[in-house]
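Hi,

Here is the structure I promised to pass on. Have a look at it first, and my notes on what turned up follow below.

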Amino acid sequence: MNRRVLLIEDEPNITEAIRFLLTRDGWQVVTHADGSDAVEVISNENPDLVILDLMLPGKSGMEILRELRELEGMEKLPVLMLTARGQSRDREMAEKAGVSRFMTKPFSNAEVLTAVRDLHAQATQL
Amino acid sequence: MASLNVLILVCLGYVVLLFGVAFAADRLAAAGRSTWLRSPLIYTLSLSIYCTAWTFYGAVGYAARSGLEFVTIYLGPTLVMIGWWWGLRKLVRIGRSQRVTSIADLISSRYGKSNTLAICVTILAVIGVTPYIALQLQSITLSFSIFAEADPGSHYYEGASVFWVAAGLAVFAILFGTRNLDANERHHGVVTAVALEAVVKLVALLAVGIFVVWGVAGGVGPTLDRIDASEIGQWQVDRGRWATITFLSAAAFVCLPRMFQVMVVENDDERHLRTAAWAFPLYLLLMSLFVVPIAVVGLDLLPKGANPDLFVLTVPLSQGQDGLAMLSFLGGFSSATSMVIVAAMALSTMVSNHIVIPIWLSSKGRGAVVSGDVRSVVLYARRVSIAVIMALGYFYYRLSGGGAALASIGLIAFAGIAQILPALVGGLFWRGATRIGALAGLTVGFVLWVYTLLLPGIGGEVMPQSVLDHGPFGWGWLRPQALFDIAGLDPMVHAVMWSLSLNMAAFCIASVLSFPRPLERLQGAQFVNVFEHSAGPRGWSGSAAQSEDLMIMSQRILGAREAQEFFRAQTVEQGGRGGLPEPTPVFLERLERELGGSVGAAAAHAMIGQIVGGSSVSVEDLLAVADESAQLLEYSSRLEAKSSELSQTALKLREANTKLTQISLQKDAFLSQVSHELRTPMTSIRAFSEILRDTEGLGLEEQVRYSTIIHDEALRLTRLLDDLLDLSVLESGQVNLNRARGDLGDVLERSISTALAGWSNPLIVKRHFSNERIVLYSDLDRLGQVFINLIANAQKYCDAPDPELTITVHDVWGQIMVDFVDNGSGIPSDAQSMIFEKFARVSAEKAGGAGLGLAICKEIMQRLGGDVSYLSGKEGAAFRVRLPKEERAAM
């Protein structure tokens, strides 16, 4: 079973940390660092799961999520959103936009792993 | 001997004649065939009610007692008629134009239609005139009693006769005096009857005089001899008394309600005064011609102790001339009745208009005026007033006992009435006279008159002798006949001097001190300038030249557009062209109404009058009216100012609120930025430290690599915290500047080496060292921090293959500017405005900074008093640091 995760994150160090974690958990990790073309990348890659940073150059994670949910077949794609902004409004907006899980940086590695596994399990059960 | 019955019959017949004459005159007047009724002769004769029984009988008595002093009673009116003819004309003109009904009405009208003043004058008049009416009743009774004594067979009851006389006079006055309501519809019947009586009394007195001179004394020569021989010829003239009494009689002639009635109210034509000016003095001359002869002959003929007041009757009687005595009696009767009738009419008008009607109206409330019964109420009030006044006279006569000499009562009344004079004359000629002044003068004069003359004159019971001798409470200086210890004067002179002079003083002082109300001011102008006023009370006429003035004025009041529209509409209506109508009366009336809607009727009338003609109102009046409008305007403009102030405050509040919201938004944005900048390195640190901790069998290379990341991120955090702290210190203004002397070139040198340290491929810095030899006095470390930031930015962001930075120092008129220009592609123009904002990053590339550097530079330069800005238009990124002028230290 080849589980693929698309990580959209502009901080190279954080990208590296998550790639390390998920690779060891058996995921195939694809990364992308720019917001502007992120929606196309997601639909092209068609991953099992997306980890999306909120603050991205070019286009914000929130917009990407909204556009994604408009696309056919992308309504149920599990999306884990990460943010370094400490605003509760972001969580509400993200939930409205159809986020699967919302997580504030800094996170513990275990948290990320658990979230990713849960989301994937839910998606495959349905 | 004439029997009393015959006398009574003649008397009744005479009264019936008077009724008939009055009735006929009224009928003629009603029929419009009254031209002869309106002749100046009738007017002059009606003025003769000045000569009452007091003058008819009393003058002879006066002469018998005090010699020629009686002449003063005739002298006063004569002087007024001849010397003050123009003043009377003014009085008549005002009376007619203002539709004045009585002297109280005139005074009240002049002082802003003040009813208080009218009541004061009315009360004064009633108090002054009631004894006078009593005097007339007394004279009639006395004359009756003379005939009664001469007719032993008759049964004469004095009290009853007085009562019937009073009642009869009241009926006459009511019948002919209250027929019409409007005072301007003159009482032709009464006036004609009075004129007839005037003829009777003149004829009677002349007849007695002729009889005495030629029938008793035996011609002019012997009469003069008798006069020389008698005491009258030896009487000394008391100048003070002469002047005083002449003045008093002159004042009374103008102020007496009955005189005002016939002279002003009943006046048909102003020109009648012209005739009266010579005819009335002539009448008075004829009346006084035989006074002295009758007195002298009477003193000679009659036994000692005979009442000289009745010589006019008793001398003919003693000579057996019953017919002559009868005529004489009719003369005295005429004098008394004409006075009483006119006085009662005048007083009743005052009492009903100023006392009864106001009380009735206030008791009835507002509804009464609307209903139609006002007219009958007014007539009824006048009739009752006449009856009451007559009753007052009757009771005064009964109570006083009728003992006092006729002349003294007359003089006391004169002095009382004269208190009106200052307010009257002042009102006619002095614009500054005010209501308060008139009230003050009247009150002071009245009180002093009562205290110094009326109370001491009435008799011992009212004012005890002790007060007369020692003053009230023993205060000698308040003795009624020696006020302020000025003793030795004749009581009459003393009283008149004090009451009138203090009256005038109070009037003038209070007038000067008080401020007239607008109505008072307008009325004052109408009164004082009555001759300049156009003949018609209303009705305008104007010339074309005035249209423009009217236009200008109207624009000020109505506003330019409304005024122009109104004028245009009126022009069209008149069939004319252009914007200016002919100032026809119709147009002027409409304009007045239009203006009246804005400024009030009186002001509108005054304003149009000012332009069109009748300059009855002066510019001062307009200004005064305008002042009051200005006060209103000021008030409303103050309100406006307040409301605009409020709206400005509201605007400011809104602005402040917007600013606060913006600041709050900025703060939120800043906080979330800070949060982001802090959490991002923290995330890396946490993630890798957990990896290092939890991952078993991690290779050495990876361990080194991950701990290096942790280290770098920790450094990044530290830098960020440093910048944040720096910025917050700078922004809060709590930064301490350590100014010191230093060389600009040295600062640049140090900055360059610091900024470029650690870079493997440092850019090339181009400098013009000769320009940098400038000594500064500034915080050199902070300045260096700015330079380092700019140089480091160039190092980080310059995208040229061979990056270069050119540093140029300009010195323009002592203003030092340091430019940092690199050879890269520069900052896109849309981003140039925001690069000095916090967390602003131009490119997406990570360059290690949090985006606070330029914000800090800007803060520092502002603290130092200079500036840092982006220089657009250069090829690469270009920054200019402007040092403040003082930064250059004196060499």
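Let's start with one proline: B:Pro308 is buried, because 21 other C-beta atoms lie within 10 Å. (Buried means 20 or more other C-beta atoms within 10 Å of the residue's own, exposed means 12 or fewer, and partly exposed is in between; C-beta atoms are placed from the backbone.) Before you read on, note that this is a predicted model, where local features need pLDDT of at least 70, side-chain atom pairs count only at pLDDT 80 or more, and totals for chains, interfaces and linings use all residues. Residues are numbered from 1 along each chain as its sequence is written, while chains are lettered from A and ligands numbered from 1 in the order in which they are written.

B:Pro308 sits in the loop between helix 15 (291-301) and helix 16 (311-318) of chain B. Helices (H or I, at least four residues) and strands (E, at least two) are DSSP runs, numbered from the N terminus. What does B:Pro308 contact, leaving aside neighbours within four places in sequence? The partners are B:Val60, B:Gly61, B:Ala64, B:Arg65, B:Ala295 and B:Gly298, a contact being two C-beta atoms, placed from the backbone, within 7 Å. B:Gly58 is 250 residues away from B:Pro308 in sequence, yet 8.1 Å away in space, C-alpha to C-alpha.

Chain B as a whole has 35 helices and seven strands, and 44% of its 891 residues count as buried. The largest nonpolar core has 178 residues, and B:Ile107, B:Val121, B:Cys255, B:Ile294, B:Val312 and B:Ala344 touch the most other members. Such a core is a set of buried Ala, Val, Leu, Ile, Met, Phe, Trp, Tyr and Cys residues joined through C-beta atoms within 7 Å. Helix 17 (residues 322-364) of chain B gives the most to this core, 20 residues.

Now the two chains together: 17 residues of chain B are in contact with 16 residues of chain A. On the chain B side, helix 30 (619-694) and helix 31 (700-732) each give two or more residues, and helix 30 has the largest share, with 14.

There is also an open sheet of five strands in chain B, in the order 2-4-5-7-6 with mixed pairing; strands pair if DSSP finds at least two bridges between them. Its edge strands are strand 2 (764-767) and strand 6 (867-870) of chain B. Strand 4 (residues 804-812) and strand 5 (residues 815-822) of chain B are antiparallel, paired over eight bridges, with B:Thr808 opposite B:Asp819.

Cheers
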